[in-house]
Amino acid sequence: MLYRETGQYKTSYAADSVIFPIRQDRIGVMIVLAIAFVFMPLMMAFKIPPFRNDYILLAILLPFLILSLAAIGANILIGYCGQISLGSGAFMAIGAYMAYKFGTGISEIGLPPLPIVVSILLGGFSAAFVGILFGLPSLRIKGLYLAVATLAAQFFFDWVFLRVKWFTNYAPSGSVSAPELKFFGYLVSTPIEKYLVALIFVTIFALIAKNLVRGNIGRQWMAIRDMDIAAELMGIRPLVAKLTAFAVSSFIIGVAGALWAFLRLGTWEPLAFDINRSLELLFMVIIGGLGSILGSFLGAAFILILPILLIVVPAEIGLPITTETVSHLQFIIFGAMICFLLIKEPLGFARLWQIGKEKLRMWPFPY
Amino acid sequence: MSDTPQTLLSVENVTLKFGGVTAISGVSFDIRKGEIRAIIGPNGAGKTSMLNCINGFYHPQEGRITYKGETRERMRPHVAASQGIARTFQNVALFRGMTTLDNIMTGRTLKMKANIFWQMLRIGPALKDEIQHREYCEEIIDFLEIEHIRKVPVGRLPYGLQKRVELARALAMQPDLLLLDEPMAGMNLEEKQDMCRFILDVNKTYGTTIALIEHDMGVVMDLSDRVVVLEYGRKIADGTPDEVKSDQKVIDAYLGVPH
Ligand SMILES: Nc1ncnc2c1ncn2[C@@H]1O[C@H](COP(=O)(O)OP(=O)(O)OP(=O)(O)O)[C@@H](O)[C@H]1O
Ligand SMILES: [Mg+2]
């Protein structure tokens, strides 16, 4: 009887509509936040295992945070609004390159280098703008055809950032480096600092995303996803609902792209945001749970941790396994899981988590 | 009611074709403010098509539809919604992935005014919207006796309850004209009785004008003020339940007498 809502009477609809209506959930989230913001940085600072070196921090935690953010963005469009997209990588690239342009100044229009936070947000807005343009045809084209259209966007922007030298400030190698990471006058350089910056962004945007999906606009997205004809007869304008989903989704993905470039990569090429990244985000959303913010985190964690497990576990039990086999195995497992989830449990890990909670809520009395 | 009943909606000479198929041909009738108007007829008579014309989902090739004194041009369904027309569907058309409460809350969507920036923070006008409209939806939930399934995703509900949630969602729009397409199809006797009671209550308490498609003649006779009968896209009778019941053409249509 640890996890219960009985006895916690709601005296108003306001109390019932807070973000986590069940007290245990609230406490759980507080604990996770405390661990992420205080406990982990302390462990990192004192190099307490597993943080003896920066490997876990740079190879797992930082990518996990930023890709979770990108997955939240992808989930808004795909999971909440039902518009399948294979172009998430392109929107990360737009966020990254435009944040770079704003961060290094656009001399053609006499724009000086802008502060880093402003640049990152403008990167997001640029992605949102392009997202709206690519969302316009979604009123007419659906399902597979929309997927193909977003795939075209992916290849188009791969080409743009490779060929249009303006975006890379005419760097001969084609690769660019992030501007100085000065956040409000504070220079961010160590892995811990980068982790904290990413964590702050993810926390804020996850909260914003959660607020949107449980409010009026989120219900409109889901209504369009579930039954667009009925939605229209309720007074929801399909184009408006879809375009806001494209805009919000692309904005978040764009911000994640800028963070990925600035914090994780430092120096990057267009290849960093190719079709593989788009597919990876799609897998995260499907495996984690379509239409779930929590699921976006679970999906990102799974996709990042699986390859590591595939290397570590066989090594521990003395099984010889080559990196090539690992990458093959990875594809087989992803493929199998996606087929399984799409058939059996389209709502992914997040749904399994929810079922678990429902069971726990009843426990120990089944009825 | 006043002595001279006001016309809420009038349909004049409406003809609707799908390629070679004429679904409705030259049908005229009106719906008065505050009444329950039944539309009956055998399968394929064009009843659903008629509702689809009324709420702008189909556009008739000929004829006029006048609503609240205004004759309309081609219009989109969401415009009909904003003018106070709500409906339920012959095949349940709920948002399956959403809870009962969220489904009903979508009915309030046109009345929520907070912009996206307030919604992002869920404070100020956005929070006020949520709470105020939640209160309204809870009234409907009480009224239709579905408190126990508020937080259940509608995809998991039995058919009878889904139909009831769909009615709740339409009521949340506070419509002036409510179109019900076979709200009792596939229900057992008890569920039907409940639904009849709800429809009458809606009509009485909220004063909502209702257009009702129903096959069960008993129900139609009990509920409706006036009945229009369609057959093969044509109107064959129009009048009070008693008049219609004794009309020879209607009897023939229902017994399947060849023409
Ligand atoms: N979208 C459409 N395209 C082509 N034909 C249609 C379409 N909608 C309806 N029809 C045709 O119009 C005619 C009337 O159909 P409608 O659904 O309005 O009948 P109904 O009176 O509601 O019947 P039921 O009692 O079976 O619901 C039928 O012949 C049907 O095949
Ligand atoms: Mg019908």
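**Close-up 1. Helix α10 (residues 238–265) of chain A in the predicted model.** At 1.5 Å a residue, the 28 residues of α10(A) should span 40 Å, and its end C-alpha atoms lie 38 Å apart, which agrees (the expected span is 1.5 Å times one less than the number of residues; helices are DSSP runs of H or I with at least four residues, and strands runs of E with at least two, numbered from the N terminus). Because 24 of these 28 residues are buried, α10(A) is largely enclosed by the rest of the structure (buried means under 20% relative accessible area, exposed over 50%, partly exposed in between, with a 1.4 Å probe and protein chains only). A:G266, which follows α10(A), has a positive phi near 80°.

**Close-up 2. The metal site of chain B.** B:T48 (OG1) and B:Q90 (OE1) coordinate the magnesium ion (ligand 2) at 1.8 to 2.1 Å (donors are N, O and S atoms within 2.8 Å of the metal, or 3.2 Å for Na, K and Ca; water is not among the atoms, so sites may look incomplete). The pair links distant parts of the chain, 42 residues apart, with B:T48 in helix α1 (residues 47–54) and B:Q90 in the loop between β6 (85–88) and α3 (100–106) of chain B. B:T48 is partly exposed, with a relative accessible area of 26%, and B:Q90 also counts as partly exposed, at 29%.

**Notes.** Residues are numbered from 1 along each chain as its sequence is written, while chains are lettered from A and ligands numbered from 1 in the order in which they are written. In this predicted model local features need pLDDT of at least 70 and side-chain atom pairs count only at pLDDT 80 or more, whereas totals for chains, interfaces and linings use all residues; side-chain values use heavy atoms, with hydrogens and water left out.
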